[in-house]
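Here are some worked exercises to go through with the model open beside you. Try each task yourself before reading its solution.

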Amino acid sequence: MSIRSGTDRLNALLSSAHEQLGVVVYDTLMGQGGPPELRDPDRALGQLLAAAHRHIGAAVTKRIAQHGDGVRASELAPDSSTSGQMPVGDMLMQRPAAVRLKYRNQALRLTQVYWQQNSESLILEARHRVQELIANLEEETLPSSSLSSLERVSAHLGSVPELPKRQTPLPVVAFDYLEAVEDHLFTHAARLAHEAQTSRRLLNTELLPYLCEPETSWLGALEISQDLADDLYLAHREAAMLSRAVTAVRRASSNFCGADLRSADLNSAQLQGIEWDAATAWPTEWEERIRRASQATREDQTVLVVGIEPQGINVSADT
Amino acid sequence: MEETPSADLPVSGALETAVVPRRGRELAEDLHHAEYPGLVRFLLLNGASWNEAQDAAQDAFTQMCRPGTAISYPKAWLRRVAWRSWLRQQVRHEDLCADVPHTPAPHWQSPVHAMELGVEERHVIDLLLTLPSKQRAALAWCLDGFTTQESADAMGIKPEAVRQNLARARATLKAQLGLEETDKTTRENR
């Protein structure tokens with residue numbers, strides 16, 4: 001063998017190894033289904049976004065389907081609004097039970113912030129006093145007690161709280177449960193505060209000074225009083241709406257009849273005052289404790305209300 | 001950026017002829033299926049494992065798709081970028097590679113263990129992989145058909161150094177394969 005043939009032999013060996021390795025790599029890749037898909041960063045991002053969009057859509061559709069019966073039932077209910085939209089209070093009840101339970105404390109605290117006193121009865125009393133005044137003015141009399149009575153009305157209207165500062169930031173769309181709760185309360189509280197202030201301004205700056213003037217026109221006084229009565233009617237209506245909103249939030253925070261709470265975290269939730277029934281599904285480890293801590297409500301024997309906090313119950317091993 | 005068009009290989013026609021720079025995204029689509037196996041083989045001959053070669057090859061094509069990339073010599077570009085990507089893999093921390101994605105892989109990682117190859121070819125590759133890294137790289141470029149100049153530009157060394165590495169690699173392989181001894185014997189017999 002010559003030097004030339006040694007080099008040729010090496011070249012032949014290298015060439016053969018190179019070629020065979022190429023065939024093996026190709027066959028192995030094809031055996032795996034071909035080269036992996038080209039990973040274009042833009043396309044990969046697009047695919048990720050499309051997949052996320054698709055999954056979210058599927059999840060939303062599934063959840064809507066789960067609540068479909070409840071939604072249809074509330075749409076058919078006689079007290080639902082004529083526009084066909086679900087009342088906000090019912091919408092709160094439609095939120096998942098585990099979410100309502102998780103944010104129960106905060107939601108109830110919000111009701112205390114927005115409903116510090118019974119504004120509805122205060123404004124109702126103010127309306128009665130103004131109606132009495134109107135009856136007297138129609139008979140062209142003004143008893144001496146009327147002015148002090150109106151001053152009390154002014155004090156009542158002044159006690160209607162001004163709009164509290166929002167506890168949660170103003171949402172664009174209230175997807176978050178607590179934001180939805182506060183949005184619900186805030187809307188009515190804002191209207192009530194506005195109507196109460198308008199009524200009080202009319203009373204303090206126009207009606208009371210006018211009645212105190214030496215020469216008062218009965219007709220003029222009657223007109224201002226009628227305006228005040230109209231304003232108070234609006235304020236009373238808003239107070240009633242706020243009261244209903246507060247009731248709806250309390251109901252969403254306490255009514256867990258038929259709710260599935262198996263996946264809920266009860267360790268951090270305040271359970272006292274929760275209403276439930278035989279259809280409520282509790283986590284297995286909690287069911288017995290909650291059953292022991294509950295008693296039937298007076299109105300409905302099938303509904304139970306959780307009494308003392310179940311966490312506090314320590315059952316002795318001896319009993 | 002390292003792989004800018006200006007740093008592209010100015011080769012003179014051996015494997016790739018100079019063409020008007022094309023957008024990387026278009027090239028990647030055109031070349032992906034055809035060039036991917038060759039790229040994996042190139043990396044295997046450089047000493048990469050099967051999984052490392054696949055990762056680096058895929059990474060090279062991904063980098064090719066980057067906006068603003070224009071390439072005149074795509075085959076050389078791919079090998080150079082894939083080779084660097086593989087080198088970067090070597091210095092990664094262990095924990096970063098803890099979660100290896102589940103991908104189908106052959107039962108071998110090094111071609112030395114690929115039973116599909118002939119015994120002789122496996123032996124040659126085994127010897128090739130024991131060469132110093134620069135000699136291995138010079139041989140891998142050469143076997144893929146690139147000229148000395150192309151290899152030198154891609155490896156960032158002078159053409160003379162490539163030639164020297166190639167000569168040393170071949171001499172070592174000859175010696176290990178017993179081809180030199182046969183030559184001596186032949187001369188002695190004359």
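## Exercise 1: Aromatic pairs

Searching the whole structure turns up seven aromatic pairs over all chains. Rings of Phe, Tyr and Trp (its six-membered ring) pair if their centres lie within 6.5 Å; planes under 30 degrees apart count as stacked, over 60 as edge-to-face and the rest as tilted.

A word on the ground rules: this is a predicted model, in which local features need pLDDT of at least 70 and side-chain atom pairs count only at pLDDT 80 or more, while totals for chains, interfaces and linings use all residues. Residues are numbered from 1 along each chain as its sequence is written, chains are lettered from A and ligands numbered from 1 in the order in which they are written, and side-chain values use heavy atoms, with hydrogens and water left out.

**Task.** Classify the ring pair of B:Trp50 and B:Trp108, and say which parts of the chain the pair ties together.

**Solution.** 
- Step 1: The ring centres are 5.2 Å apart and the planes stand at 70°, so B:Trp50 and B:Trp108 form an edge-to-face pair.
- Step 2: Because B:Trp50 sits in helix α2 of chain B and B:Trp108 in the loop between α3 (74-90) and α4 of chain B, the pair ties together parts 58 residues apart in sequence. Helices (H or I, at least four residues) and strands (E, at least two) are DSSP runs, numbered from the N terminus.
- Step 3: Both B:Trp50 and B:Trp108 are buried. Buried means under 20% relative accessible area, exposed over 50%, and partly exposed in between (1.4 Å probe, protein chains only).
- Step 4: Look also for the cluster in which ring pairs link B:Phe42, B:Trp141 and B:Phe146.

## Exercise 2: Salt bridges around an arginine

**Task.** Work out which side chains form salt bridges with B:Arg79.

**Solution.** 
- Step 1: Start from the rule: a salt bridge is a side-chain nitrogen of Lys or Arg within 4 Å of a carboxyl oxygen of Asp or Glu. Over all chains, the search finds 14 of them.
- Step 2: One partner is B:Glu35, with 3.5 Å from N to O. As B:Arg79 is in helix α3 of chain B and B:Glu35 in helix α1 of chain B, 44 residues separate the tied parts in sequence.
- Step 3: Check the accessibility: B:Arg79 has 5% and counts as buried, and B:Glu35, with 11%, is buried too.
- Step 4: Another partner is B:Asp144, where the closest N and O atoms are 2.8 Å apart. This pair links distant parts of the chain, 65 residues apart, since B:Asp144 lies in the loop between α5 and α6 (148-155) of chain B and B:Arg79 in helix α3 of chain B.

## Exercise 3: Where the chains meet

**Task.** Describe the interface of chain B and chain A by its residues, its buried area and its polar pairs.

**Solution.** 
- Step 1: Chain B contributes 44 residues to the contact and chain A contributes 31, where contact means heavy atoms within 4.5 Å.
- Step 2: Together the chains bury about 3500 Å², 67% of it on carbon and sulfur atoms. Buried area is the accessible area (1.4 Å probe) that two parts lose on being put together, summed over both.
- Step 3: The rule finds one salt bridge across the interface, and it joins the side chains of B:Glu120 and A:Arg9 at 2.5 Å, N to O.
- Step 4: The count of residue pairs in polar contact is 11 (both at pLDDT 80 or more). A polar contact is a pair of N or O atoms within 3.5 Å; within protein, one must be able to donate a hydrogen and the other to accept it, and residues adjacent in sequence count only if both atoms are side-chain atoms.
- Step 5: On the side of chain B that touches chain A, α1(B) gives the most, with 11 residues.

## Exercise 4: A phenylalanine in chain A

**Task.** Is A:Phe256 buried or exposed, and what does A:Phe256 touch?

**Solution.** 
- Step 1: Locate A:Phe256 in the loop between α9 (218-254) and β1 (275-276) of chain A.
- Step 2: Its relative accessibility is 0%, so A:Phe256 counts as buried.
- Step 3: Leaving out residues up to four places away in sequence, A:Phe256 touches residues including A:Ala97, A:Leu101, A:Ile274 and A:Trp276.
- Step 4: The C-alpha atoms of A:Phe256 and A:Met93 are separated by 9.2 Å, with the two residues 163 apart along the chain.
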